There are 4 protein chains.
Amino acid sequence: MIIVMKQGSQDKEIVEISKVLESLGLGVHISKGTERTIIGVLGDKRVLSDVPLELMPGVEKLVPIVESYKLAGKTFKPEPSVIDVQGVKIGGKELVMMAGPCAVESREQIMEAAFAVKKSGAQFLRGGAFKPRTSPYAFQGLEEEGLKLLKEAKDATGLLIISEVTSEKAVETADKYVDMFQIGARNVQNFQLLREVGRSQKPVLYKRGPSTTIDEWLNAAEYIMSEGNHNVILCERGIRTFETATRNTLDISAVPVVKTSSHLPIIVDPSHAAGKSQYILPLSKAAIAAGADGLIIEVHPNPRCALSDAAQQLKPDDFNNLCKVISEIAEIIGREFHYGE
Amino acid sequence: MIIVMKQGSQDKEIVEISKVLESLGLGVHISKGTERTIIGVLGDKRVLSDVPLELMPGVEKLVPIVESYKLAGKTFKPEPSVIDVQGVKIGGKELVMMAGPCAVESREQIMEAAFAVKKSGAQFLRGGAFKPRTSPYAFQGLEEEGLKLLKEAKDATGLLIISEVTSEKAVETADKYVDMFQIGARNVQNFQLLREVGRSQKPVLYKRGPSTTIDEWLNAAEYIMSEGNHNVILCERGIRTFETATRNTLDISAVPVVKTSSHLPIIVDPSHAAGKSQYILPLSKAAIAAGADGLIIEVHPNPRCALSDAAQQLKPDDFNNLCKVISEIAEIIGREFHYGE
Amino acid sequence: MIIVMKQGSQDKEIVEISKVLESLGLGVHISKGTERTIIGVLGDKRVLSDVPLELMPGVEKLVPIVESYKLAGKTFKPEPSVIDVQGVKIGGKELVMMAGPCAVESREQIMEAAFAVKKSGAQFLRGGAFKPRTSPYAFQGLEEEGLKLLKEAKDATGLLIISEVTSEKAVETADKYVDMFQIGARNVQNFQLLREVGRSQKPVLYKRGPSTTIDEWLNAAEYIMSEGNHNVILCERGIRTFETATRNTLDISAVPVVKTSSHLPIIVDPSHAAGKSQYILPLSKAAIAAGADGLIIEVHPNPRCALSDAAQQLKPDDFNNLCKVISEIAEIIGREFHYGE
Amino acid sequence: MIIVMKQGSQDKEIVEISKVLESLGLGVHISKGTERTIIGVLGDKRVLSDVPLELMPGVEKLVPIVESYKLAGKTFKPEPSVIDVQGVKIGGKELVMMAGPCAVESREQIMEAAFAVKKSGAQFLRGGAFKPRTSPYAFQGLEEEGLKLLKEAKDATGLLIISEVTSEKAVETADKYVDMFQIGARNVQNFQLLREVGRSQKPVLYKRGPSTTIDEWLNAAEYIMSEGNHNVILCERGIRTFETATRNTLDISAVPVVKTSSHLPIIVDPSHAAGKSQYILPLSKAAIAAGADGLIIEVHPNPRCALSDAAQQLKPDDFNNLCKVISEIAEIIGREFHYGE
């Protein structure tokens with residue numbers, strides 16, 4: 001970190017700051033420029049998280065030089081993490097495909113969806129049991145009943161299960177049924193919840209928030225990882241911008257940016273980014289081409305009857321076609337995806 | 001709501017849609033244009049919240065005509081709501097001032113802050129006991145111990161207490177100590193939490209999220225209000241934009257927009273919007289001039305020692321000056337604020 | 001278009017509006033709902049562009065139903081446009097690659113760049129002669145001298161030439177030397193300039209502005225097309241968002257959205273979107289996978305010596321590798337690109 | 001400026017960079033941290049504007065320490081600039097009010113508007129003669145004929161005239177008729193045009209672009225000022241965000257931010273920010289309370305007949321009321337505005 005002093009700052013102010021830094025075990029490096037003096041701070045800046053240096057006399061501003069996250073960063077672990085979920089490896093050569101309906105609605109629906117996505121090559125079945133909906137009058141999910149149905153689908157198909165958790169209580173309930181927790185975009189900075197899944201060793205699919213910078217996202221991942229759970233898979237799902245043609249703006253650059261800054265795997269959710277089923281195929285192809293480790297896609301046996309997010313769910317046939325195309329692109333770029341059963 | 005049909009949609013598609021709508025008790029009004037047919041839907045659209053009309057054959061898109069929130073809207077209640085918190089009226093002629101440190105740190109600190117803000121005319125003492133912080137290594141709040149200190153400060157000064165709740169458990173704990181719950185920006189769509197405070201009758205200060213539209217905010221308020229708690233005070237605190245000179249961009253227009261669309265009171269938080277103490281006075285003046293019903297401001301007896309958000313906390317003297325200026329502007333615009341004890 | 005009337009609007013207000021519409025030759029369709037009356041307007045709404053309907057008594061708001069652009073839209077021309085530039089077809093099966101330095105700096109530089117990009121398969125040489133730079137103290141381009149050097153490079157290599165025009169005078173000068181005009185992001189709504197290139201028949205590469213919605217962009221294209229020049233190629237180059245890890249946020253969804261709404265070809269500029277050379281390859285792959293008709297990429301024989309935008313220019317070897325990868329992806333998705341000479 | 005070296009950068013790389021800097025007359029200050037080496041650069045960094053330091057071996061990134069604009073900055077001129085336009089002082093104690101229709105439409109209209117705004121206390125008459133409109137089919141302005149009418153209105157009322165210029169040719173024409181040029185938001189980075197008005201000594205009202213940061217805006221002002229014209233008045237008119245309740249989001253914080261960073265006066269345009277006439281009064285009050293030096297407001301004798309931007313133009317009576325309220329707020333905050341003739 002660099003401390004930039006105000007024009008005309010005095011020597012005693014600089015001495016004062018140096019004392020504070022040294023008392024915390026940090027090194028100090030002073031550089032007097034023509035317009036400003038700057039102070040370089042050497043050492044582990046985490047000891048400064050509760051010290052308001054910016055208010056000390058003479059200080060104009062603080063400039064961070066290295067990213068503030070540790071456990072998610074390449075400095076902590078330079079080689080990419082590969083997360084093993086009961087034999088399915090996320091972040092390795094093979095791409096991962098998670099698919100299923102927005103919400104679990106009934107045994108028939110989830111079974112049909114499970115067999116369909118399995119058939120195309122998906123390794124994970126997704127399905128919401130706790131649904132955060134914009135309107136309180138809309139369908140809110142089957143809760144534990146939904147989780148049981150997911151477990152049944154797992155037993156029938158061998159698919160791994162991922163489902164969103166929205167509260168500490170939901171984590172406790174879901175723990176019995178799912179193979180991976182999902183933290184949704186609305187909870188990206190629900191630190192209580194992040195800590196809760198951090199205390200588990202179960203893998204966590206951790207979605208970016210619609211107005212979270214990549215830096216903030218990786219910082220918040222620290223809430224999960226600092227509790228001991230390093231099995232975090234990042235998921236880009238679109239950010240909020242002024243453009244209204246799509247529900248959110250898929251930040252495709254997040255894929256290479258995360259690959260440069262972090263060792264964690266990253267997958268892409270084109271369904272929530274686009275909000276419209278006709279854009280899911282092109283965005284999926286783009287995501288894989290950009291280097292994503294996989295996709296999470298909403299598939300519904302009969303989208304026209306879906307109880308939530310109907311417009312963005314794919315039909316099984318369209319999903320099957322998508323998987324085929326993805327397997328072809330995967331080969332070109334040195335990855336692989338086993339299309340079909 | 002209007003259903004816009006695709007170019008070349010067929011009569012039987014229109015008949016099909018009409019049947020669905022009529023089966024739900026809605027009226028139908030068909031209008032054939034030169035390029036498209038549109039279908040007007042008459043009646044209470046809430047019955048449609050789980051019906052994916054946009055996927056029916058021939059449909060191009062749905063266009064909402066009236067806002068989807070009910071309880072927070074002017075249609076539901078045309079006259080402004082005035083919320084009475086033990087005699088302090090929010091949304092009436094008198095402005096409300098909530099002030100205090102970002103976080104409760106110690107008995108000395110909160111007592112000193114309480115007496116200081118009381119002296120300038122504040123009616124509420126604010127202070128965080130549960131602190132959502134960006135880094136897990138930063139100070140996270142004193143939790144119940146902090147709430148007890150707030151209660152002590154109330155007993156000593158007569159100030160009402162407002163404090164943030166971040167989980168269902170926190171609501172339960174805080175209920176014993178505070179006079180008003182605060183829902184922070186990060187939890188604007190934590191529907192579980194909104195419902196929880198909705199089940200109480202205690203007033204709720206409900207902050208806008210950094211990427212929430214005003215329409216989404218009023219819709220989410222429905223989660224609190226539909227549980228029976230209509231004592232909601234909105235709080236604008238800045239939105240996320242590309243501008244980096246301030247922490248967030250205060251959306252000052254939200255004040256007149258909310259006054260036009262909703263009967264709920266709205267106050268402004270210039271501290272989190274600006275992120276820098278030198279901008280708090282001008283933004284506070286602007287907020288009141290624009291018609292806000294009050295302000296919530298971070299004040300710390302010694303900002304340089306603050307354990308969180310140091311850069312944006314005002315010193316008691318600066319806060320005192322702010323209250324004086326606000327009382328003068330209030331008079332000009334037909335409001336009032338009692339500066340001083 | 002739909003006119004939504006205020007709650008409690010009166011019959012005589014509706015009659016008044018109907019008269020205005022009918023006097024302009026438009027059809028009127030009135031629909032009385034439970035809460036509001038809405039008026040459907042039938043016919044060509046362009047006659048309304050100077051009629052302030054929103055101010056007529058009783059009107060709450062206007063809701064557009066179909067997009068307001070005509071010439072760029074699919075309704076006007078359903079099949080995709082293929083633009084032929086001296087034998088190179090843009091928007092057909094073959095992908096187009098435009099490459100070269102940010103700015104023309106010297107004969108040596110542009111010749112070296114031209115032979116390099118030609119060797120990898122590019123059909124167009126790009127190079128700025130009129131450079132809009134953020135600081136007035138930075139290099140502003142060689143102007144006509146630069147255009148002459150581009151022409152020399154064309155004569156030597158057979159590459160087609162594209163260069164940015166920034167004023168009416170620049171259009172006049174460039175007309176003698178280039179095969180395609182480029183309108184840069186800063187001039188996306190410089191209507192005077194758009195008209196000027198519209199009066200030519202020379203193809204125009206028309207970049208989206210950093211804060212232009214796709215709808216506004218297609219509307220502004222109307223300024224070029226309504227003057228008679230339909231040879232417009234759209235270029236997505238990133239939009240402004242709160243994310244700072246990249247210079248702009250590449251809106252990859254713009255590719256399928258434009259393909260759905262417009263018949264015009266669209267290419268992608270990953271260099272300006274990313275602002276960092278290490279992200280250009282993954283973004284290029286993503287763009288082609290998403291369905292773009294080509295790419296425009298900054299390539300400099302010696303980026304370390306570049307006089308502008310050094311950080312985002314590729315070295316010829318990296319560009320060569322990019323072209324190879326693109327040719328492979330092209331094949332998978334049913335397009336083609338002739339890598340190598 | 002600080003150069004941050006990559007982890008593991010080598011001594012010879014640091015030596016190489018130091019040589020380049022020293023050859024340009026800059027000082028060098030090296031600081032070796034635990035993770036990175038950083039190099040402080042001392043002296044006038046403008047010599048670096050064409051040197052791609054970020055591409056030298058071992059460099060990770062460049063971090064600017066002081067703002068890059070000079071002439072618009074407080075370092076160049078610490079005291080506020082007061083710009084005298086024929087006796088009307090902008091940036092002093094007295095507030096300036098510029099008002100009039102969006103576009104000049106006819107002699108009757110502009111005369112009526114002029115007398116009306118004069119009566120309420122405005123010092124400037126605004127009126128567009130060159131109108132950049134989103135659609136090419138909409139009214140584009142009366143051009144020179146409109147300027148002549150503005151001049152007539154000046155002769156009749158004594159009001160000063162401000163009008164937008166959109167091209168070099170328009171500057172030449174307008175120079176004969178207006179007292180202040182306006183550069184509109186769409187031309188904020190039309191550097192050719194900025195230079196053109198920079199070569200005049202006529203004051204320039206320089207609007208911020210909808211996606212321009214304050215830093216970029218002050219940098220672009222350098223294009224005007226470096227040509228010798230220091231009579232620049234900044235104008236905040238709203239930025240583009242995801243919020244759709246208003247046409248743009250008025251960045252009210254820009255007022256105190258500019259006052260902190262620059263010596264130039266700043267006024268606010270609530271009409272374009274809001275896009276709806278009912279929000280103009282509250283936003284005007286907020287702007288003045290926040291410290292703006294004046295306002296520019298659209299006023300039309302008969303908004304319902306306006307040929308452009310009808311929804312955001314005030315009626316003369318509403319403007320008169322606004323001026324009265326502003327004069328009262330002015331007094332409270334130590335400014336003054338002479339309401340009435």
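Which residues does C:Ser167 touch, not counting residues up to four places away in sequence? The partners are C:Leu193, D:Glu168 and D:Gln192. Touching here is contact, meaning heavy atoms within 4.5 Å. C:Ser167 sits in the loop between strand 9 (160-164) and helix 4 (168-174) of chain C. Helices (H or I, at least four residues) and strands (E, at least two) are DSSP runs, numbered from the N terminus. The residue counts as buried, at 8% relative accessibility. Buried means under 20% relative accessible area, exposed over 50%, and partly exposed in between (1.4 Å probe, protein chains only).

This is a predicted model: local features need pLDDT of at least 70, side-chain atom pairs count only at pLDDT 80 or more, and totals for chains, interfaces and linings use all residues. Residues are numbered from 1 along each chain as its sequence is written, chains are lettered from A and ligands numbered from 1 in the order in which they are written, and side-chain values use heavy atoms, with hydrogens and water left out.

Turn to chains A and B. Here 45 residues of chain A are in contact with 45 residues of chain B. The area buried between them is about 3800 Å². Buried area is the accessible area (1.4 Å probe) that two parts lose on being put together, summed over both. Carbon and sulfur atoms give 52% of the area between chain A and chain B.

Charge also crosses this interface. Chain A and chain B share 2 salt bridges. A salt bridge is a side-chain nitrogen of Lys or Arg within 4 Å of a carboxyl oxygen of Asp or Glu. Side chains of opposite charge can pair when their charged atoms come close. A:Arg240 meets B:Glu216 in a salt bridge, at 2.6 Å from N to O. The rule also finds 7 residue pairs in polar contact across the interface of chain A and chain B (both at pLDDT 80 or more). A polar contact is a pair of N or O atoms within 3.5 Å; within protein, one must be able to donate a hydrogen and the other to accept it, and residues adjacent in sequence count only if both atoms are side-chain atoms.

On the side of chain A that touches chain B, helix 5 (191-198) and helix 6 (214-225) of chain A are the elements that give two or more residues. Helix 6 of chain A gives the largest share, 4 residues. By class, this side of chain A has 19 nonpolar, 15 polar and 11 charged residues. Ala, Val, Leu, Ile, Met, Phe, Trp, Tyr, Cys and Pro count as nonpolar, Asp, Glu, Lys and Arg as charged, and the others, Gly among them, as polar.

How is chain A laid on chain B? A turn of 180° with a shift of 0.0 Å along the axis does it, with an RMSD of 0.1 Å. Copies are superposed by least squares on the C-alpha atoms of residues with pLDDT of at least 70 in both. Of the residues of chain A, A:Ser211 comes closest to the rotation axis, at 2.9 Å (C-alpha). The copies meet through the same surface, because 100% of the interface residues of chain A are also interface residues in chain B.

Now chains B and D. They bury about 2700 Å² between them, 74% of it on carbon and sulfur atoms. In this interface, 32 residues of chain B are in contact with 32 residues of chain D. The rule finds 2 salt bridges across it. D:Glu243 and B:Arg208 meet in a salt bridge, at 2.7 Å from N to O. There are also 4 residue pairs in polar contact between chain B and chain D (both at pLDDT 80 or more). Helix 7 (254-261), helix 9 (280-290) and helix 10 of chain B are the elements that give two or more residues to the side of chain B that touches chain D. Helix 9 of chain B gives the largest share, 6 residues. That side of chain B divides into 18 nonpolar, 8 polar and 6 charged residues.

A rotation of 180° with 0.0 Å of shift along its axis superposes chain B on chain D, with an RMSD of 0.0 Å. That is the relation of a two-fold axis. B:Ala286 comes closest to the rotation axis of the residues of chain B, at 1.9 Å (C-alpha).

Salt bridges also form within chains. B:Lys93 pairs with B:Glu336, the closest N and O atoms being 4.0 Å apart. B:Lys93 lies in the loop between strand 6 (88-90) and strand 7 (96-100) of chain B and B:Glu336 in the segment after helix 10 (316-332) of chain B, so the pair ties together parts 243 residues apart in sequence.
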